[in-house]
Amino acid sequence: MGLLKGWLYCLLWYTSILAGYAGLFCPLLPVLFFSNKLYRCCTDALFTFWQYYPTVLLETLCGCDIQVSGDAIQTTETSLIVMNHRTRTDWNFLWPTMYHCVYGKNRYRHPTKFVLKDVIRHIPGPGWVMQLACFVYIKRCWLLDKLSLQRVVEYFADLSYKYSLLVFPEGTDLTAATKSKSDDYARKHGLQSYDYVLHPRTTGFVFLAQQLLVRRAIDAVYDVTLVYPDLVPQTESVLLRGDFPKQEGLRDFLEKRWLDKERTLREYHVTGQFLHGGILKKESKSELMSALVFWTLLPLLVLYVLWMVEWFRFLVLGHTVFLLLVNLTTDGFQDFEIGLYNLKKKLFRTKRETELVKVGRFDSVVAGKGLSRVKDFKLLEKREACQRERGKGEIAVYAAGVSPKMAASPEPLDQSRDRFYETMKDRTLLITGGTGFVGKVLIEKVLRVNDVKKIFILVRTKKGKNPAERFPEVFNNPLFDQVKKMKGESVMKKIHLVAGDVAAPKLGLSDDDRAMLAEETEFIFHGAATIRFDEALRTAVLLNVRGTKLMLELAKECKRLVVFCHLSTAYCHLNERILYEKMYPPPADPESVIRTCEMMSNDVINSITDKLLDGMPNTYAFTKALGEGLVNEQMDKLPVIILRPSVIMPILKEPIPGWTDNLNGPMGLLIAAGKGVLRTMYCQGEAYADYLPVDIVANTMIACVCDYVLFGAVRRVYNITSSAEHKITFEEMVTMGRETVYKKIPFNGVFWYPGGSMKQSRFLHNLAFFMYQWLPAVVIDVLLVCLGYKPVLKRVQRRIHKGYEVFEYYANRQWDFDNDASMKARGLLTAREREIYKVDGDGIKYEDYVEDCIRASRKYILGESDETIPAAKRHMLV
């Protein structure tokens with residue numbers, strides 16, 4: 001009789017899955033292309049209803065009395081369930097558990113998703129249906145599994161979907177062989193050996209929990225302990241024989257187990273108590289009987305329809321072929337579903353709602369299984385009250401360095417108030433990259449409009465000069481003349497140079513300097529990076545990636561840290577057509593890339609760079625994306641924010657309009673064109689890029705840091721971009737530059753009359769480059785050599801050609817940027833703050849800005865004074 005029951009159970013179980021796939025899931029596929037959430041609700045409702053079928057089969061046909069004790073899982077919760085993996089058939093007894101312990105409205109739509117081995121998805125029937133139900137499959141390759149888990153969590157968070165996610169941290173079932181490996185692991189790491197469980201693999205669980213927490217997408221964590229009191233169904237053959245666990249001896253065992261858990265948890269929660277949950281048992285049999293009738297008759301009905309209806313046969317066949325193709329070309333149908341959703345999100349810019357979340361720790365036992373919750377909830381997110389209109393008022397009560405609290409009765413905001421000054425007053429800052437373009441402008445702004453206590457600047461020895469020797473050459477710059485005039489030379493004494501190197505191990509800091517920074521630093525602005533697009537990968541990784549990791553480690557040591565501001569770039573996730581203000585998975589594992597670059601020489605790394613970049617156009621974008629990944633991992637541990645500015649241009653307003661200290665980006669091309677050595681560019685004239693003056697970037701860095709202090713972690717990622725409000729095409733920019741250089745402010749020593757054009761044909765561009773740039777450069781250099789001078793123009797043209805390679809990639813592709821969070825933060829500024837910290841392009845006159853840029857470039861980059869402009873104009877007419 002037992003053998004008959006076993007075969008009958010497996011037959012009914014398997015045919016119900018095949019019938020559900022063919023008769024219910026296949027016809028639902030078109031819904032997915034219209035609405036992911038509707039499709040998910042429908043398929044999960046079907047799958048949840050199917051779970052009743054193995055429940056009624058086990059309890060009525062097989063006589064397996066499964067009891068669940070503890071607190072019920074509420075349908076209003078999104079929960080993470082961790083369970084020991086006793087046998088390969090554990091999943092079979094989990095369906096009745098979920099049936100008995102899930103309570104609340106819409107329990108038919110509260111699905112349980114499993115994290116399973118990837119090979120399972122290929123099993124015809126069960127594997128297919130679990131794909132369609134969006135189960136999670138892992139390949140035991142952490143680099144790939146990390147991305148899969150992240151995609152699934154993000155998907156359900158975007159859908160604002162309630163579900164339970166089941167994880168087996170042990171990774172495999174308990175057998176003699178796996179127990180031996182677990183014992184070896186315990187001995188190696190000095191851990192206790194277990195008799196009934198294996199040592200868990202913590203990496204995946206920790207990462208999964210962190211992803212859920214970061215997205216405020218988890219309400220509870222349950223620990224489920226599976227117990228078989230008499231017979232252990234180790235494999236599916238036990239089920240076929242009809243040997244199912246019985247209830248005899250189970251109650252006594254569970255009582256002893258509950259006492260053990262009570263003693264253990266009392267030691268852990270000294271001030272807490274244990275909860276003896278009641279038996280969770282749904283007495284009503286109507287749902288189970290309905291499932292029994294429906295799922296038993298469904299295979300017969302589906303077979304009849306397949307036999308009689310031709311179009312239905314083609315539907316099922318077509319769906320199956322489609323599913324198999326998806327399996328071959330992707331990581332499963334669930335991967336296709338998420339990819340389709342992300343595509344629609346990019347096209348229609350869907351938005352997700354954010355919820356206040358609480359998390360509990362749970363310890364549970366199942367009779368078969370049981371659950372008990374320890375009411376030790378932790379609030380993850382402080383309530384924010386930031387619903388306000390621009391300039392109307394604020395609801396947050398501000399205390400410097402402290403998260404906001406709710407105000408009982410909001411008062412109108414004083415529009416003359418400068419809260420940024422209040423935030424920065426008597427504070428100590430640490431700035432990396434302080435000797436660079438953005439860093440110098442940021443320091444000047446802080447000194448001029450704020451009253452900080454001290455600014456630490458991490459400075460490396462360069463060209464044989466130590467930080468003290470470099471101080472005059474860095475800060476005796478016209479950029480700082482205005483602040484010195486306003487506040488006196490003594491204001492520069494607030495700057496303290498600290499010998500260090502972001503690219504060096506331990507940041508190159510002495511023990512005393514590190515202790516000083518850890519003791520005093522309150523605000524960190526991390527902007528140090530190599531911005532060369534053609535930088536050797538090893539150099540870029542050590543500075544942009546490992547340097548970021550080391551700065552985060554230093555931040556953890558800072559006793560008074562308020563905010564860590566990481567300066568990234570809007571052009572680091574180049575596969576995203578629209579960049580949203582959220583975190584994206586890095587293109588590779590940052591830690592692995594760091595280890596690789598530390599172990600190998602430059603020559604070896606250079607030989608495998610293309611393979612490591614894996615389609616990324618340059619080392620800059622690749623390493624900045626990896627750096628963001630490291631910062632993202634610390635979101636729940638440190639008060640970090642990420643700023644993504646676009647292409648940074650010279651100063652717009654203050655202190656010196658048009659000032660810059662480099663020829664990077666568009667300014668280099670503009671000067672080359674103005675000098676007559678650049679005659680052609682390959683790009684679409686009507687295309688546009690995103691530009692941002694450096695003073696707006698510096699102002700925004702201050703504003704975003706203060707936004708975090710004033711309003712808490714409402715916003716963590718800011719896209720600092722302009723193209724959503726101001727668009728200027730390449731054609732317009734070139735026209736303005738040409739008019740300015742020719743008629744108003746020409747350069748000295750122009751080689752050729754400024755001209756040329758943009759080409760939409762690569763062939764014509766290459767031809768023009770050879771005829772109008774390379775060939776004249778060769779001729780002129782030959783003449784220079786004949787006259788006893790060093791050749792110049794060939795070297796210049798090589799640099800221009802290298803610049804073309806970078807420019808053309810970005811100029812012939814289009815990206816857009818969503819900056820809703822930044823716009824909301826901007827709307828919270830007072831009138832006084834908007835006046836002091838200009839963070840928008842309102843009132844900009846492009847012709848005047850281009851003129852200021854060219855004038856400042858002549859003076860501060862090329863060393864051409866304004867007195868030489870009349871002579872340059874006369875030279876232009878020759």
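Is the crossing of α25 and α30 left-handed or right-handed?

Analyst: Keep in mind that this is a predicted model. The crossing of α25 and α30 is right-handed. As for the geometry, α25 covers residues 730-744 and α30 covers residues 846-861, and their axes come within 10 Å, crossing at roughly 60 degrees. Perpendicular would start at 65 degrees, so α25 counts as oblique to α30.

Now for who touches whom. On the α25 side, the contact is made by Met 736, Gly 737, Thr 740, Val 741 and Lys 744. Facing them from α30 are Tyr 846, Glu 847, Val 850, Glu 851 and Ile 854. Sort the residues of this contact by type and you get five nonpolar, two polar and three charged.

Most residues other than glycine have a negative phi, and most peptide bonds are trans. In the loop between β17 (495-499) and α17 (511-520) sits Lys 506, with a positive phi of about 55 degrees despite not being a glycine. Leu 507 lies in the loop between β17 and α17 too, and its phi is also positive, near 65 degrees. Lys 506 counts as exposed because its relative accessibility is 66%, whereas Leu 507, at 0%, counts as buried. Finally, the peptide bond from Glu 654 to Pro 655 is cis, with omega near 5 degrees; Pro 655 is in the loop between β22 (647-649) and α23 (666-675).

Notes. Residues are numbered from 1 along each chain as its sequence is written. This is a predicted model: local features need pLDDT of at least 70, side-chain atom pairs count only at pLDDT 80 or more; totals for chains, interfaces and linings use all residues. Side-chain values use heavy atoms; hydrogens and water are left out. Axes are lines fitted to C-alpha atoms, for helices over the stretch in contact, and angles run from 0 to 180 degrees between N-to-C directions. Helices (H or I, at least four residues) and strands (E, at least two) are DSSP runs, numbered from the N terminus. Angles under 35 degrees count as roughly parallel, over 145 as roughly antiparallel, 65 to 115 as roughly perpendicular and the rest as oblique. A crossing is left-handed if the near helix is turned anticlockwise from the far one by less than a right angle, and right-handed if clockwise. Contact means heavy atoms within 4.5 Å. Ala, Val, Leu, Ile, Met, Phe, Trp, Tyr, Cys and Pro count as nonpolar, Asp, Glu, Lys and Arg as charged, and the others, Gly among them, as polar. Buried means under 20% relative accessible area, exposed over 50%, partly exposed in between (1.4 Å probe, protein chains only).
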